[in-house]
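Visitor: Please take a close look at one part of this protein. I would like its packing laid out, then its place in the whole.

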Amino acid sequence: MSLYLKYRPQKVEELDLDEVRNRLSRLLASPYIPHAFLFSGPKGTGKTSAARIVAKKLNCEKNPYRKTTSLDKDVNIEPCNTCDSCLAIKDGRHFDVLEIDAASNRGIDEIRELREKIKLAPVSGKYKVYIIDEVHMLTNEAFNALLKTLEEPPVRTVFILATTEVEKLPGTILSRCIKINFNKATTTEILHSLKRVAKGEEVKTTDEVLTCIADFADGSFRDATKFLEQALSEDALDIAKINKILGGVRFDRGQFLKLIIDKNTEKALLFAHDMGEKGADLRFFITDVLNLLHDLLLQKHGIIDVKQNSKLIDEMSDKDITALIKHFSQIYADLKYASKPELLFEVAIIDWCENK
Ligand SMILES: Nc1ncnc2c1ncn2[C@@H]1O[C@H](COP(=O)(O)OP(=O)(O)O)[C@@H](O)[C@H]1O
Ligand SMILES: [Mg+2]
Ligand SMILES: [Zn+2]
């Protein structure tokens, strides 16, 4: 089994997105469980994992969710992960927990079926839980059917909607859900999850190596775990080897971008020269720079908030960011056919610093 499946978080405590963990902890200890959740955020941030944890908790035979009369701080919010119900949900064979993937069939039949089934009381468990993944892909017809059920929620039924593109959801759905944001994970959060995997697999490595992997995963726990698995299979758990595998990630893209913004031709060329000497993969590096520019663009428009970027963001206008995205995307494309990639990269730097 892939490591990222083996180490899928099984309880709230193992969710390494701090904000998500805190909100779910509070909700599961509160007197009222919402009848509809909306988990929104990029891939690999734990939406499916968290949905299954909630489903397990609601139906756990040993430690089920109980309505308390007031907020009880000492309540144990974790599912037991050993009872029949928890195991059935983990294996995806629980009668009352249904996962629907809206991306694969756009959901018309499923939602229709769901509306029929939903009238029936839960079979074995205490709650019926519907997990609808990529919910923004539902057809209009399916949306309307879903909306009707959300308007008149049946008893002991919980919907967990997940999406990577929340902006495509109609307001009528949004307004009926408790929304939890699964933002891109920080390096620290990913490092924490990688340490759990490394410990479980008895991997001997250093924090520096794990941080390097965490950095490169661009906010995705899943990608980070995959990189670690790749490093393990290639026996590349020291810093030199990991750098080679990840294609020069240790080169600080933020530092590079700062030189570019300042139009510091000389230092930017030195930076590029150093990368060449160390055998960095330029296309990898440029992807990384583009990821950073993408974050900066979203941040400029108030869509995300990345604290580490605060210095860069103040120095750049919207126009600078879009122009740089175009410039680097072009270099990325050109590099594919370049006979001397380093030269092309250097020319592109000069071109930007001197002529734009
Ligand atoms: N919050 C988290 N903490 C630690 N590891 C996580 C977390 N979220 C996801 N992972 C890792 O990433 C994998 C994919 O997570 P998943 O829940 O399928 O993400 P999503 O549904 O958002 O794409 C998990 O199997 C696990 O290895
Ligand atoms: Mg998922
Ligand atoms: Zn249980």
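Guide: Leu194 touches Leu210, Ile213, Ala214, Ala224 and Leu228, leaving aside residues up to four places away in sequence. Touching here is a contact: two C-beta atoms, placed from the backbone, within 7 Å. The model is predicted: local features need pLDDT of at least 70, side-chain atom pairs count only at pLDDT 80 or more, and totals for chains, interfaces and linings use all residues. Residues are numbered from 1 along each chain as its sequence is written, with chains lettered from A and ligands numbered from 1 in the order in which they are written.

Leu194 belongs to the largest nonpolar core, which has 61 residues. A nonpolar core is a set of buried Ala, Val, Leu, Ile, Met, Phe, Trp, Tyr and Cys residues joined through C-beta atoms within 7 Å. Buried means 20 or more other C-beta atoms within 10 Å of a residue's own, with C-beta atoms placed from the backbone. Those with the most contacts inside this core are Phe39, Val129, Ile160, Leu161, Leu194, Ile213 and Ala224. Domain 1 (3-181) and domain 2 (186-246) both give residues to this core, so it lies between them. The bounds come from an automatic or database domain assignment. Apart from this core lies another, of 19 residues, among them Phe285, Leu293, Leu324 and Phe345.

The assignment also gives domain 3 (247-356). The C-alpha centres of domain 1 and domain 3 lie 40 Å apart.

Now the whole. Buried residues make up 32% of the 356 residues. Among contacts with a separation of 6 or more, 76% join residues 24 or more positions apart. The C-alpha atoms fill a box of roughly 70 × 45 × 40 Å, taken along the principal axes.

Definitions and conventions
A residue is buried if 20 or more other C-beta atoms lie within 10 Å of its own, exposed if 12 or fewer, and partly exposed in between; C-beta atoms are placed from the backbone.
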